[in-house]
Amino acid sequence: MTDIEKPTTEVANDINTKKNAYELDGTLADNAVGYREYHEALDLEVSNKELKRLRWKIDLIILPIFLVTQALQFMDRTSLNYANLFGYQTALGLKGDQFNYLSAMIYAGYFFGQYPCGWLIGRFQAQKIIAISIFFWGLMVILMTQSRTYSSALAIRFIMGIFEAAVTPGLTLMTGFWYTRREIPLRQCIWYSSLGWGGIIGSYISMGVSKLPADLKPERWELIFYILGGFTCLWAFLIWFVLPDTPSNARFLSSRERLIAVRRVAGNETGIKNKSFDKSQIKPGFLDVKAILLFVSVFAAAIPNGVVNSFSTIIIRDMGFSTTMTTELKSVGDAVQIVALLIGGTIILNVRNSRLLVATAANVLCTLAAGLMAFLPRSNTWGRLVCFWLVNAQSVGFTVSLTTISSNMAGYTHRSLASAMVFTAYCWGNFAGPFVVKADQAPRYTGATIGLLVGYAIKLACHLGLLGYMYAVNKHRDRTYGPANKEASDEAGMRDQTEFENKDFRYVL
């Protein structure tokens, strides 16, 4: 069966009637991105071979751009983790919890930046907003080299967070612009695995810097910021000129391919993008059980994520390893993250309705690993280190949370609000994370390991609750309304209707 099914005559006639009525309202036609292309594509005959060739074309252009962008964001955000190995705290004269606040401050900026960034991405071309954000956050990374006081570094980290706020939420929404519901989880896992790739690259950059003379000018911690920030600024230009906003205006596709690409994603039943803000979607968006469960799960998991991102090098070093060995051992945890995401994404692609079951398996693994980390004896260094590596599998659950937004929430305003809620939880959980790491608890860091255990256990419970809720809604709709009408549901999605309004909508589990 192809990804695009030709509608029956009866349904097609009904769609054409709706199309004519819709196009009478020019405002709606202008705001619903891809609607005209969707209807132009309804009568196209498309072969499986043509669909496969188009999918490969999108994969070869869009996916690498997403992956590198996310990797750069991660390396820049966690650059303090590497600079800290080369005397950064001493250079700035940081005392007490000041480094913790410096690590966390980027998430405060992220919180304040995500709302205007989300509105701008919806209203204007997404790639232009993301490119501008990338350039200015790269500039902030470079400016960290000129910041020699705690207050100035704090301000720069806050501003950096504001600009970074456009990226992960923006890429999450844009994934739904390009890929079908079936394709989204694996693609999201692939580009989100860039956190692991970024961690590995960052570790080896640090390893190379560690072999330079300690009295080098500029200082070794400054080199970390120069390298990462400089490359990020250059990358912004590629995003501006190469990355398209949506399939309907992709220059690397032919006119026919654009129509087919739009028709493909219309099958998601969620639409592509609407430039207007629909006030009617605000209340159901904030009361959405899925969004609430995701909010709690992401907040709970983001606390241990803040620990791993900001203090992994310190925790590993305090187990008794040298600086060079620490960077090598940290990269193993990043590799675990990559492998877990690719395995999880592949299973989800090939096993129907397995998303939340895969996330649950990863959550169980993280919970057990965190528990062992907390209670294994201090003498069992390698056992505790392996457990610390395994908690990196938590990214599978977070990625599934993001795919729930992009493929199980319809109505662009509703989807944007849900994304804002999830990343609000992400910001404040990551902000809180560094404060469970207490220097006086080294080398065991009891508070941090207990934080990992509790956070992952809550996340596990929320994902099981989400699975139960969506399964129950699907069964209720089947009993009440009968089998879903796929073509009518596609049309409703392109009209920017939410899953609550569209009774033919069924959740992908």
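Figure 1. At 0% relative accessibility, Thr-246 counts as buried, because a residue is called buried when its relative accessible area is under 20%. In this predicted model, Thr-246 belongs to the loop that runs between helix H13 (220–242) and H14. Which residue lies 6.0 Å from Thr-246, C-alpha to C-alpha, although the two are 69 residues apart in sequence? That residue is Phe-177.

Figure 2. Helix H14 covers residues 255–266, twelve residues in total, and its first and last C-alpha atoms are 17 Å apart, which is close to the 16 Å expected at 1.5 Å a residue. Nine of these twelve residues are buried, so H14 is largely enclosed by the rest of the structure. The buried residues include Glu-257, Arg-263 and Arg-264, as well as Leu-259, Ile-260 and Val-262. For the protein chain as a whole, buried residues make up 60% of the 509 residues.

**Figure 3. Helix H4 and its kink.** Helix H4 is formed by residues 48–77, and its 30 residues reach 42 Å from the first C-alpha to the last, close to the 44 Å expected at 1.5 Å a residue. Where is the kink in H4 centred? The kink, of about 30°, is centred on Asp-59.

**Figure 4. Helices H7 and H21 packed against each other.** Two packed helices are described by the angle between their axes and the distance between the axes. For helix H7 (residues 98–123) and helix H21 (residues 412–432), the axes come within 8 Å and cross at roughly 170°. That angle makes H7 roughly antiparallel to H21, because angles over 145 degrees count as roughly antiparallel. Among the residues of H7 that take part in the contact are Tyr-107, Tyr-110, Phe-111 and Tyr-115, and on the side of H21 they include Phe-423, Tyr-426, Trp-428 and Phe-431.

**Figure 5. Helix H18 with its partner H19.** Helix H18 (residues 355–375) and helix H19 (residues 381–390) have axes 8 Å apart, and they pack at an angle of about 150°. H18 is therefore roughly antiparallel to H19, and the crossing of the two helices is left-handed. H18 contributes Leu-365, Cys-366, Ala-369, Leu-372 and Met-373 to the contact, while H19 contributes Arg-384, Cys-387, Phe-388 and Leu-390.

**Figure 6. Helix H18 with a further partner, H20.** H18 also packs with helix H20 (residues 395–408), at an angle of about 155° and with the axes 8 Å apart. Are H18 and H20 roughly parallel or roughly antiparallel to each other? The angle between them makes H18 and H20 roughly antiparallel, and H18 passes H20 in a left-handed crossing. In this contact, Arg-355, Leu-356, Val-358, Ala-359, Ala-362 and Asn-363 of H18 meet Val-396, Gly-397, Val-400, Thr-403 and Ser-407 of H20.

**Figure 7. Asn-353, in the loop between H17 and H18.** Most residues other than glycine have a negative phi, and most peptide bonds are trans. Phi of Asn-353, by contrast, is near 50°, a positive value in a residue other than glycine. The loop that holds Asn-353 lies between helix H17 (323–350) and H18. With a relative accessible area of 34%, Asn-353 is partly exposed.

**Figure 8. Ile-338, a buried residue of helix H17.** Ile-338 is found in helix H17, and its relative accessible area of 6% makes it buried. The C-alpha atoms of Ile-338 and Leu-195 are separated by 7.9 Å, although the two residues are 143 residues apart along the chain. Once its neighbours within four places in sequence are left aside, Ile-338 is in contact with Ser-193, Gly-196, Trp-197 and Ile-200. Across the protein chain, 84% of the contacts between residues at least 6 apart in sequence join residues at least 24 apart.

**Figure 9. Ala-472, a partly exposed residue of helix H22.** Ala-472 lies in helix H22, which spans residues 446–481, in a protein chain that has 23 helices and two strands. Ala-472 has a relative accessible area of 44% and is therefore partly exposed. Between the C-alpha atoms of Ala-472 and Tyr-507, which are 35 residues apart along the chain, the separation is 10.0 Å.

Methods: Residues are numbered from 1 along each chain as its sequence is written. This is a predicted model: local features need pLDDT of at least 70, side-chain atom pairs count only at pLDDT 80 or more; totals for chains, interfaces and linings use all residues. Side-chain values use heavy atoms; hydrogens and water are left out. Helices (H or I, at least four residues) and strands (E, at least two) are DSSP runs, numbered from the N terminus. Buried means under 20% relative accessible area, exposed over 50%, partly exposed in between (1.4 Å probe, protein chains only). The expected span of a helix is 1.5 Å times one less than its number of residues. The bend at a residue is the angle between axes fitted to the seven residues ending there and the seven starting there. Axes are lines fitted to C-alpha atoms, for helices over the stretch in contact, and angles run from 0 to 180 degrees between N-to-C directions. Angles under 35 degrees count as roughly parallel, over 145 as roughly antiparallel, 65 to 115 as roughly perpendicular and the rest as oblique. A crossing is left-handed if the near helix is turned anticlockwise from the far one by less than a right angle, and right-handed if clockwise. Contact means heavy atoms within 4.5 Å.
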